[in-house]
Amino acid sequence: MNTHNAPDGAPPPADSPHLRVLAQYVKELSFRNAQGAAAQAYDIQPTIDMGVEVKSRPMGQGEATEVDLCINVHAKRQDTLMFSVDLVYSGVFQFMNVRPDDVEPLIWIECPRLLFPFSRQILAEITREGGYPPLLINPIDFTPLYWAELREREARGDVPLADVSGGASAAAF
């Protein structure tokens, strides 16, 4: 991709590769508050179990790609579930003048990287509204996760993520 910067405020040259965010939105959100008001009665730090998954699918005639950042969180004190959150935060992205070989890393690294801060804010707000301290997730580097998934696919002999028709899903991280 082009690393030359355009002057401040100027659009990138028409033929330079770039990524456009067409939309981003909460696709699905579920918050289960199993402990409710009793949550503040404990002084024991909860155990947080979190899973992250990235999914994608082409939209229209391949003009855009929808990328889902799926995050699920379960908080427990000993064996008792305090709360669980399932969030699917999605974005619609368009790749302009991008080589086909560069599309897959953009889908699995850059798109979730752009969606993550908004997902993090939603998770913090929903847990705070549920009566808990805000859940602040550390930033996620999607690059090593993408490369690990590539190695696993090669070992299985699977096709590249971007070549799967009708959408694809990266392994849960």
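What share of the 173 residues of the chain counts as buried? The figure is 35%. It comes from a predicted model.

## Overall layout

The chain holds two helices and five strands. Read from the N terminus, their order is β-β-β-β-α-α-β.

Among contacts with a separation of 6 or more, 67% link residues 24 or more positions apart.

## Strand 3 and its cover

Strand 3 spans residues 64-77. Is this strand mostly covered or mostly open? It is mostly covered, with eleven of its 14 residues buried. In a regular strand, side chains alternate between the two faces of the sheet.

## Pairing with strand 2

Strand 2 covers residues 47-59 and runs antiparallel to strand 3. The two are joined by 13 bridges. One of the paired positions is D49, whose bridge partner in strand 3 is H74.

Strands 2 and 3 make a hairpin, with four residues between them. G60 sits in that turn and has a positive phi of about 65°.

## Pairing with strand 4

On to the next partner. Strand 4, residues 80-96, pairs with strand 3 over 13 bridges. The sense is antiparallel. R77 stands opposite T80 of strand 4.

Here too the strands form a hairpin, with two residues between strand 3 and strand 4. Which residue in this turn has a positive phi? It is Q78, at about 55°.

## The nonpolar core

The largest nonpolar core has 31 residues. Those with the most contacts inside it are V67, L69, I71, F83, F95 and F142. Strand 2, strand 3, strand 4, helix 1 (100-129) and helix 2 (142-156) each supply at least two of its residues. Helix 1 gives the largest share, ten residues.

## V67 up close

V67 is among the core residues with the most contacts inside the core. What does V67 touch, once its neighbours within four places in sequence are left aside? The contacts include V54, K55 and S56. They also include Y89, S90, G91 and F93. Further along the chain, V67 is in contact with I107, C111, P112 and L115.

Placed on the elements, V54, K55 and S56 fall within residues 47-59 of strand 2. Y89, S90, G91 and F93 fall within residues 80-96 of strand 4. I107, C111, P112 and L115 lie in helix 1, residues 100-129.

Technical notes:
Residues are numbered from 1 along each chain as its sequence is written. This is a predicted model: local features need pLDDT of at least 70, side-chain atom pairs count only at pLDDT 80 or more; totals for chains, interfaces and linings use all residues. Side-chain values use heavy atoms; hydrogens and water are left out. Buried means under 20% relative accessible area, exposed over 50%, partly exposed in between (1.4 Å probe, protein chains only). Two strands pair if DSSP finds at least two bridges between them. A nonpolar core is a set of buried Ala, Val, Leu, Ile, Met, Phe, Trp, Tyr and Cys residues joined through side-chain atoms within 4.5 Å. Contact means heavy atoms within 4.5 Å.
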